[in-house]
Amino acid sequence: MTKSKSLDFRPNEFVVYPAHGVGQIVSIEEQEVAGISLELFVISFEKDKMTLRVPTHKATEIGMRALSSPDVINLAMKTLKGKAKVKRAMWSRRAQEYEQKINSGDLIAIAEVVRDLHRTDDQREQSYSERQLYEAALERLTREVAAVSGGDEMAASKEITDVLVSRAPPPAAA
């Protein structure tokens, strides 16, 4: 069996799986599936109490990646500071786009969702689905920022909240 380049990932390493966010590789195991021996990454998502087995040769193809570099984290924080871009499309269309961004595994796209859906106390109420998407994006962002900076989710959450709160308030509707 040839070892592919996807073995850039090692046990105990944190990785980002697009549809689930930050997980930790617990082990690499061989498993026989339909008479074929497969090498699998066993990834644990502790927060979600979930374990995923990903064929090593498919990892890169499905978008599994290493944690973002500090530069990408800084870029994500800069994205949060930006002005919210809310398209005039119907909510169902926007919700679909937000969902795609969250599941893309792209930290900058996730930061855009957090930025665009963040509400301050004096802004209009969010709908249930807006809040769900916002919280999903915020959680992904928080977990990755925490994992990159050493694992403290409370500190990461505070850092993100501080950036969001420091943004210039949007002009009041006339």
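User: How do you know that E3 and strand E4 (residues 50-55) pair?

Analyst: In this predicted model, where local features need pLDDT of at least 70 and side-chain atom pairs count only at pLDDT 80 or more, totals for chains, interfaces and linings use all residues. Residues are numbered from 1 along each chain as its sequence is written, and side-chain values use heavy atoms, with hydrogens and water left out. Two strands pair if DSSP finds at least two bridges between them; E3 and E4, which run antiparallel, are joined by six, and therefore they meet the rule. Ile 43 has Leu 52 in E4 as its bridge partner. Four residues lie between these strands in their hairpin, where Lys 49 takes a positive phi near 50 degrees.

User: What makes strand E2 (residues 21-33) and strand E3 (residues 36-45) a pair by that rule?

Analyst: The antiparallel strands E2 and E3 are joined by nine bridges, against a requirement of at least two. Glu 30 stands opposite Glu 39 in E3. The hairpin of E2 and E3 has two residues between the strands, and in this hairpin Ala 34 takes a positive phi near 50 degrees. The strand names themselves come from DSSP runs numbered from the N terminus (strands E of at least two residues, helices H or I of at least four).

User: Why is helix H3 (107-117) described as largely enclosed by the rest of the structure?

Analyst: Buried means under 20% relative accessible area, with exposed over 50% and partly exposed in between (1.4 Å probe, protein chains only); 10 of the 11 residues of H3 are buried, so this helix is largely enclosed by the rest of the structure. Among the buried residues of H3 are Ile 108, Val 114, Arg 115 and Asp 116. They pack against strand E5 (65-66), H1, H2, H4 and H5, judged by contact, that is, heavy atoms within 4.5 Å.

User: Which residues touch the most other members of the largest nonpolar core, and what makes it a core?

Analyst: A nonpolar core is a set of buried Ala, Val, Leu, Ile, Met, Phe, Trp, Tyr and Cys residues joined through side-chain atoms within 4.5 Å. Of the 24 residues in the largest one, Leu 80, Val 114, Leu 141, Val 145 and Ile 160 touch the most other members. Helix H1 (70-81), helix H2 (91-104), H3, H4 and helix H5 (153-166) each give two or more residues to this core, and the largest share, seven residues, comes from H3. Beyond its neighbours within four places in sequence, Leu 80 is in contact with residues including Ala 111, Val 114, Leu 141 and Ile 160. A second, separate core of 11 residues includes Tyr 17, Ile 43, Leu 52 and Ala 59.

User: Why is the space lined by Val 16, Tyr 17, Arg 140 and Glu 144, among others, called a cavity?

Analyst: On a 1 Å grid over the protein atoms alone, a cavity is a set of points where a 1.4 Å probe fits but cannot get out, whereas a pocket is an open set with protein on both sides within 12 Å along at least five of seven lines, and lining residues have an atom within 4 Å of a point. By this rule there is one cavity of 30 Å³ or more, and the largest cavity has a volume of about 50 Å³. Strand E1 (14-17), E2 and helix H4 (128-149) each supply at least two residues of its lining.

Definitions and conventions. Points joined across faces, edges and corners; volume = space filled by probe spheres on them.
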